[in-house]
Every structure is written in C-alpha cells, then in structure tokens.
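Take a look at the model before reading on.

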Amino acid sequence: MVLARVEFKVLGPLAAVADGRVLPLGGPKQRTLLAMLLVNANTAVSADRLCDAVWGEAPPASAQANLRSYAAVLRKVLSPASGPEDGRDRGGPAPGSGEDRLSQGNGGYCLRVFPGEVDLHRFEVLVARGRVALGAGERRAAADALQEALDLWHGSPFEGVAHHDVLLGEVARLEESRLAAFEDYAEARLALGEPREVVGLLRAETARYPLRESLWAKLMTAQYRCHHPGDALQSYALARSALRDELGIEPGDELRRLHHAVLTRDPELGAPPPPAAPAQPARPADLWQPTVQVPSDDSDFVGRSRLIEHVAGLLRPGPERPRTTPCAVPVAILTGLPGVGKTALATRLAHHLRNEFPDGRLFLHLDGTRGPQRPPGVILADLLLSLGVAGSSIPEATEDRAALYRSLLADRKVLVLLDDARDEAQIRLLLPGTPGSAALVTSRARLAGLTDARLIDVDPFDDEESQDLLRRIVGPQRLAAEPEATGRILAACAGLPLALRVAAARLASRPDWQVRRLADRLADERGVLAELTVGDLAVRTCVAASYHGLAPDAARAFRAVGLLPSPEFPGWALSALLDADGSAATGSAGGSEGGSAAGSCSSAVVAADRATDALIDANLVQIESVGAHGQPRYRMHDLLHAYAAERAGADEPRSWRRAAVARVLDGWLARVRTAGGQLIRRGTGGHRPGEAGDLVGWLESERTNLVTAVGFAAGAGYGPQTAGLAAALEDVCHLRNWWDEWEQVARVALDRATADGDPVAAAVAQGSLARACAVRGRVDDAMTRYASAIEQLDALGEEHHAARLRIHRSFAIADRGMAGLAHDDAASAAAVMNRLGDKHGQVMALRSLAFALACQEREAEAVDALEPAVATAERLGHPLALADVLQLLAWAEIGHGRAERAARHLHRALAEYRAVRHRPGEAYALLALGRMHTELGGPGQAAWALAPLDEAAAVFAELGERRGEALTALWLGSTHAALGDTGRAVSHLTTALSGFRSLRMPFWAERAQQELAGLTRDA
C-alpha cells in the first residue's frame, strides 16, 4: 500500500485535498493540531509544544489524552491508501509503503509530507525561482514565477485556526514572505514597463500596510510612469501622514528622493531601466559573479567594536589571520541568549569584511528556532539557485549538492553567513571547503560539536552601550530631561538589545509620552514582557521560540528557575526545585553544594545537571562564577527569568510550585545552619579566604541571596521557613557584623509571624529585632521590644526562648545604668539554662552575669562567675563563646589589678576571634589590651596602649559600632593624659562623653566627665 498524494493548503483557510476531495479535518482544536504539524512537517514535535499550540497557556488536565485522540482521527483521515499504479498516474510520490502519514514516537508527533504537497513549500520554491530570474535580468520569467507564487494565496495563513503564541510567529513570518514576494513581483512588472498592471495592487497593499515605505515607493513610481504625477504626490502625502501619525517620524531617504524626482520630473524616473542581457540557463562552475546577499546594516548599530575586530581577525583570509585558527577554513559561531543581537552583529561583520571577501557574501536564514527544520539538501538547492545554477543542473543527492556548492566556492574569497542555526547537522554541509572563504554562524545553541569552530559569546550591552542605543533612537535631549526614568528603563531592559530597541521604538512612536510613563509600565515584573512589544518586535516571542525548542525535562527546569526570587542562583537550587523527594535540598555550605548530606549523587541531581546543561547549550542560562569548592553559580537574564516565571505560573500546578520553592528554602536553611554552627564551634577550620571549605567566604558570597531568600519566603507565605532562616541568620549576622541585614531579616520575620498568627515566632523575631536595635545603639527601641517579647514568651511558657532574650537584654543594658536589672536577667537565665541542660546557654548566661557584676564594680565576683564558663566553653569547642568569655574575664582581671592574667586571657581571646574572623570581638579585645597597658602598666607602658587602641578605633569606625568608638575614645583620652598630652586627652574624652550621653550610658559618661574635670583642675 502506498500513501496517496494529499494537497495541504495553509496559505488561506486550512484544507487538505486528496483525489479532488476535501478531507474532513474536524473541529477547531484538531485543525490547530494539524496546522502545528504542517509548520513542523517531517520533524517530530513534542506533546508539550502541541498542547501549547492547541490550548495556549491553560491546557486542561486531559490535554495529553485529548491530543492522542485528535492525532488518531487525523491519522485516519490523512492516510488514504492508493495502489502504486494509481499513485503514478496522478503524478504522486511513492514515499514508501505500510507507514502512516502521522506517526508518534519518543520525540513526539511527526507528519510526513512530500515535495509539492504543501502550498507553502511550492510558494517558497517559486519565489526563489523568481528572484534568481530577476537577479539575472530575466524579468518576464521572474514576473511569471512570482505571479504563480502569489496566486497560491487565498487569504491569511492558517485562516480559521486558533492562533496561540506558538503559531503567531509563523503567521507573521508567512505574511512577511508574501509581502516581500509581492514587492519583487511589482519590481519585475515595473521593469517590464507595465506600471498600469500593478497600480491597483499596490494601492491595496499600501492600504493594508501604510507604514511600509518600500510599497509607497513602488506605488509612486508606477503612478508617475502612468503619467499621473499628481497621484504620486498624493501618495507621498498619505505615506508621510501615516508615518508621522503612527510613528512620529518623517519618510526615509528613498521616499524623499522619489518625492523630489516627481516634483522635478526627473527623466530617469519616467522609464524602466533597459533590459539586462539574457542570462544563461546555467552558470558553469568556472564562471563566477560576485554575489552579495547580506541584509542592510542597522543605521543605529552601537558598540561591539572590540568584538567586531576580534571576530574579523579570525575570519580574514591571508597570512594576517591568527596562527591559533584551528582549521583551514575559519568558522566563527556567534552564540548568546535570545534577543542579544547576534544577527545584527553578524550583519555588521559581513559589511565590515566586504573588502576581504570580494567574491561574495552569502546569507542564509535557517529558521533554527522557528518552524520546521529545513534539511541541508533543501537549503543547498536554494543556495545553488541563488548562485545561478539552473534547477535542472542541481544534483539529486544532498552530498552531490554540497560538492557542487564547494566547487563553486573553491579558490575564491567568499563569506558565508548562516543565521539562526539549530544544530551542527544543519550547517556542516554548508561550510566552505577550501581556504580563502570563511563561515560566520549565529545560533542560540552553543554548537559545541563543531570542534574546529571558534565559539564566541555575545553578551548583553553594558551601561554605556545601552544608553547609546536609546539615545540614537529616542534622542539625547528627551532622555537627558528625565535621567531617573531613563535609568529605570535601562535597568528593566538589563542590557538586552532587543528589549532596548523595543523600548526605544515605543518612546519614538509616542513623542507625547514622558519617559517615566514607559518606565512605570516596565516596573511591574509581571507585565514587563507585555510592555516590551512594538509592531512585529516582541521580547516574549523571541524568548518563546527558544523555550519551545527545549526537551520536556529542560523546559520544566527553565520554568522552575522562574520560581526562584533571583535570576542568579547556586547549582544546588535547581536540584532542589526538581527533587520531589527532597534529597537534593540538604547540603553543606561551602562544600558539596549539589549533593545530599551524605554526599550521594541522587537521581534528582543527575537530572538537574542534564537539564542545566541543556539550558546552558540553549543560552537560556549562563555560568556566573565557579566557587573555590568547584560549585557553579548560574544566572538567567532578568527578562528570561520573567518569562520563566510566566510559564511556571501557567504550566505548573500550584501545589508543585509551592513544594519546589519550599525545598529550596529548606536547602538555604540547612546550609546556613551548617555554616553558622561550624563557625561557632570551630571557626574557619584553618581555611584561608577563597579556599574550598572557607565558610566565611561562602557566607559573604551568599549574603545578598540569603537576605533575598528570607524576604521572598515571607512575602510568599512560607512562615516556618521564614522563621527558621531568620533564627539561623541571627548568629551569622552577629558573627559577620551584618547589622543592616540583621534588622531587615528580623523585621520581615516579625511581619510574617504576625500575619500567620504565630505568637512564638513573632516573639522570637521581636527579640532578634531588639538585639539588632541594641547593637545599633537604639536602646529605647530595644528595651521596648525586649520587654514585649519576654513578656509574651513567659505567658506562652517558652522559658528557653525567654531565657535567651534575657541574656541578650542583660548584656545590652548592664553599662547603661541598669546593672541591677541586667544582674537579675542573667541570674534568671542561668538558672533556666542549667535546669534545661543547655551548656552553651549556661556560658552565655554566666558571661552576661559577669558583665553586670563588673558594671557594679564587683570584679572579684565577676571572675568567680567566668572561670567555670571558660571550662565549659573549652569542652564545647565553641571558639567564639570562649573568646567572649576570655575577653570579659580579662576585663574583670584588669579591674581586679591582675595584669599578667589579663594579658594571657586577651592574647588567647584575640587568637580565637581572628580564627572566626569576628571583627567586633577582636576590636573589643584590642580595646581591653590598651586599657590594660594604660591602667596597669605604669607611665612607662602607657605608650604601648596607643597601637591597640588606634587599631580598635579604626575597626569600630569601619563597622559603625558606636559603643566601641566611645569606649576607645575614653581610653585614648586616659592614655594621652598619662603621657602628658592634655590637648589630645581632652579631645578624646570630650568625644567619649558625647558618645556615652547619646547612647545613654551613664556609668561611662560619669567616668569620662570625672577624667575631664581632673584634667581641667590640673591645668
């Protein structure tokens, strides 16, 4: 059995005809399915892409099952059998036997069509034939071929078919192809001296496309040659009015020159050019005419100068080519994310290299991300036709066509520009074969399989290039008048040339708009892609083409990235998003980020790695950096991230989205707890900055992301994760001096817990915020928050949480005139921690108790309280807790007059602080060392105090630690007084007194005042 010939019609109402009978194609969704299969004829299309085409953004749960049903009906309708003799009599193909026209496999659904069956394919062949004839001067043959091509159209492409996003781009492409073919047809008729035959047609087209200047130019030429110059001038007026009203611009140079020629009755305009000499039906291989096919260069092209010179140096023929070129025929591949300007750059390069390639610059648009993949044999046939080879002389076999093509290019200097390549197989046979020529390829895929090619990444614009493009299109004065709004537009476009061009075109078309009007519209992340659309330029359409080309697993990974709060993310986050059992969420900070806690490589990690590779290959994700531990960080462009979020919201169930995000937040929590716990227990573990295992470096690199994660968790309603992250980050913020981040995290945690009605979480967050306020010197605010939080926790029976807050409050108020309350808080907390068996809590409580005693000038009791705390901290192996206790013990020993013991404790404390890189603690230890030299060393040693005190002052100033600054100023004043420098002593003591008063520290303010009075009295 042989498949019968079917004529598919897509250039108008969708139809299929077999044996003169119109086949029943079914309802709207079934017809949409057929349209999608015809667009991708002879290519497997995934079920997900077909569902997108049939149902748009909201497919039903039964979509896959319905799709199979529709396909089954179409398979039966489109596979009528005929005998082999019948097939030959009708001139139909003999494609094979025993196979369905519509098949289904692992790659998806595939519709088989044969040469001449689809009117679109016939249209493309006829247009190519007409253009070759027109270029050869065969005007009549060109007009006939183009007329035959246009006669295939019977309306809009796929008329009557629901056009979702997937089909809209193809419909727009086909409309543009028809219009371009019509312009060529009109050109041929005008060249034949037949203007009357096209005036009416041109009027109709200009009415449909009033902004297309090339149509107006042909209409004016035809009207003038019909001896109707008044009509031509009226057409110019209509064109000018349309351009000014719709786009706010004047007609271009060509239309203005034509207008002037009509006004001056230029004789050259009145007659068609003389006919060219008849072309030979086939050009021999040894006869060559230079061929230039590259599109016109963008007049507003900006930037890329260094990249242009680099690529040009790789492609130039001759001895000046760099020796590192790895192949005889240089091949450069420009790759980058959608909309980054690869084609514009390649076009500029082709024009830039016109002198280096005098024998021709060929251009082939391969439609790698849109529509069906064109086989290399078909592309080679079009290419040979464009080079003047007659259709009858084109070999049948693809390999023979490639050989003929390469023989034509042999020993010549030709640049072949292959635009929008899908994969390596599509272009291998299109590459020149001999030195002298070169190939320039653009592709969204990285095409790593072409090992002899140079892969060149095209990055988004930098700030200067972005501003330059906007200025060229919008005008510098308009942008300079609103610099803030201009900055917001630049930020929203994030350096993507397509987005910048669309934004600029929108502003240029609306001169009545203020710049901030568009900036305000672009500020909504959910609607930014809808705003970045003008005419046939749309960022969403450009990105969608790449997205729909992904395999299902990679497409889900792309959507999953859209769930993350930031477009920059660590590698483990994608594993966690895709890991349904949660095994990839846990991991160690600064170590094996991608794996489980046990170091195993789960199936989710492997799947995520493969999906990530696919996204990198498609240039939808880039590697941002690689840490010392070998784990990468990735980045998705902001606008791609917005599209990924759109698709995730439309294509993934809410339950899956919530669970995936929860796994990522749990992963952050596990890593922060691990990093914070390890720093508290064993410091940096001997690792220097930048080394693998450097916890401090890992925390600093993730600082912004951690705060973003907490804010995102709170805003999205993840209460437990918000509370957990805020609690884990409290000690990290204290360790790393992240004062602003600490307060920010505590506030969002408090708001989330309050909204959720979680009193314990709210009180804990309130206490953390109180601690942050105390560190910043806002004592009144801190006391109010401490009192509220402790009272609530006591009422709820949460004695452990309440005891921890009492410890922090005790330390915050002991030297602020409330030493009695501080003593009671610390003593109460110590009893609770002892009863609960919390050893670390006992150390903290005893430290606070000792500080309160020291502030009451009870240093001997403070020493007695601290000595058991030292032993406990040593047993626990907590370097920070041990350093804090040793530093305070030294302080008490100084007050007790025991310098040697104080010095021993301080040097040990300094080593521990430096091990965990806790700079506030280090500065306080240096302060204590300076105090020791001043108070206990005698006049001869007072000078030794200056170095540690100056170092402490610098650290406190850098950290904004006002309490430490005031205390350091106090002892600097005492030291200079001991050295006899009264002027400096008074200056420092005055600074200290002012600081203590503003911080409400009466204990220390009184001491500073007494010292000042003593200096004044002595003077």
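**Questions and answers on the model**

Alanine 494 lies in the loop between α19 (483-493) and α20 (497-509). The model is a predicted one.

Q: Why is alanine 494 called partly exposed?
A: Alanine 494 has a relative accessible area of 24%. Buried means under 20%, and exposed means over 50%. The value falls in between, so alanine 494 is partly exposed.

Q: What makes the phi of alanine 494 worth a remark?
A: Phi of alanine 494 is near 50°. That is a positive value in a residue other than glycine.

Q: Which loop holds leucine 447?
A: Leucine 447 is found in the loop between β12 (438-443) and β13 (454-457). Phi of leucine 447 is near 50°, again a positive value in a residue other than glycine.

Q: How do you know whether leucine 447 is buried or exposed?
A: Its relative accessibility is 5%. The cut-off for buried is under 20%. Leucine 447 therefore counts as buried.

Q: How many disulfides does a search of the whole structure find?
A: The search finds 0 disulfides. To count, a pair of cysteine sulfur atoms must lie within 2.5 Å.

Q: What makes aspartate 184 and arginine 131 a salt bridge?
A: Their closest N and O atoms are 2.5 Å apart. The limit is 4 Å, so the pair qualifies. Aspartate 184 lies in helix α7 (residues 165-191), and arginine 131 lies in helix α5 (residues 119-135). The pair therefore ties together parts that are 53 residues apart in sequence. Arginine 131 is partly exposed, at 39% relative accessibility.

Q: How do you know that glutamate 730 and arginine 771 form a salt bridge?
A: The N to O distance is 2.9 Å. That is within 4 Å, so a salt bridge is counted. Glutamate 730 lies in helix α31 (residues 719-736) and arginine 771 in helix α33 (residues 759-775), so parts 41 residues apart in sequence are tied together. Both glutamate 730 and arginine 771 are buried.

Q: Why are arginine 858 and glutamate 861 called partly exposed?
A: Arginine 858 has a relative accessible area of 29%. Glutamate 861 has 39%.

Q: Which residues do salt bridges with shared partners join into one network?
A: The network consists of Glu568, Arg633, Arg635, Asp638 and Glu702. The structure holds 59 salt bridges.

Q: Why are α9 and α10 called roughly antiparallel?
A: The axes of helix α9 (residues 213-225) and helix α10 (residues 229-247) cross at roughly 165°. Angles over 145 degrees count as roughly antiparallel, so the term applies. The axes come within 7 Å. The crossing of α9 past α10 is right-handed.

Q: What makes β2 and β4 the edges of their sheet?
A: The open sheet has 3 strands in the order β2-β3-β4, with antiparallel pairing. β2 (7-9) and β4 (21-22) each have a single partner strand, so one side of each is left without a neighbour in the sheet.

Q: How do you know that β3 and β4 pair?
A: Strand β3 (residues 15-18) and β4 share 2 bridges in the antiparallel sense. Pairing needs at least two bridges, so the strands pair. Valine 17 has valine 22 in β4 as its bridge partner.

Q: What makes β16 and β17 edge strands?
A: Another open sheet of 3 strands has the order β16-β18-β17, with antiparallel pairing. β16 and β17 each pair on one side only. Neighbouring strands of this sheet are turned by 30° against each other on average, direction ignored.

Q: How many bridges join β17 to β18?
A: Strand β17 (residues 622-626) is joined to β18 by 4 bridges. Isoleucine 623 stands opposite tyrosine 634 in β18. Strand β16 (residues 568-570) is joined to strand β18 (residues 632-635) by 3 bridges. There, tyrosine 634 is the bridge partner of phenylalanine 569.

Definitions and conventions: Residues are numbered from 1 along each chain as its sequence is written. This is a predicted model: local features need pLDDT of at least 70, side-chain atom pairs count only at pLDDT 80 or more; totals for chains, interfaces and linings use all residues. Side-chain values use heavy atoms; hydrogens and water are left out. A salt bridge is a side-chain nitrogen of Lys or Arg within 4 Å of a carboxyl oxygen of Asp or Glu. Buried means under 20% relative accessible area, exposed over 50%, partly exposed in between (1.4 Å probe, protein chains only). Axes are lines fitted to C-alpha atoms, for helices over the stretch in contact, and angles run from 0 to 180 degrees between N-to-C directions. Angles under 35 degrees count as roughly parallel, over 145 as roughly antiparallel, 65 to 115 as roughly perpendicular and the rest as oblique. A crossing is left-handed if the near helix is turned anticlockwise from the far one by less than a right angle, and right-handed if clockwise.
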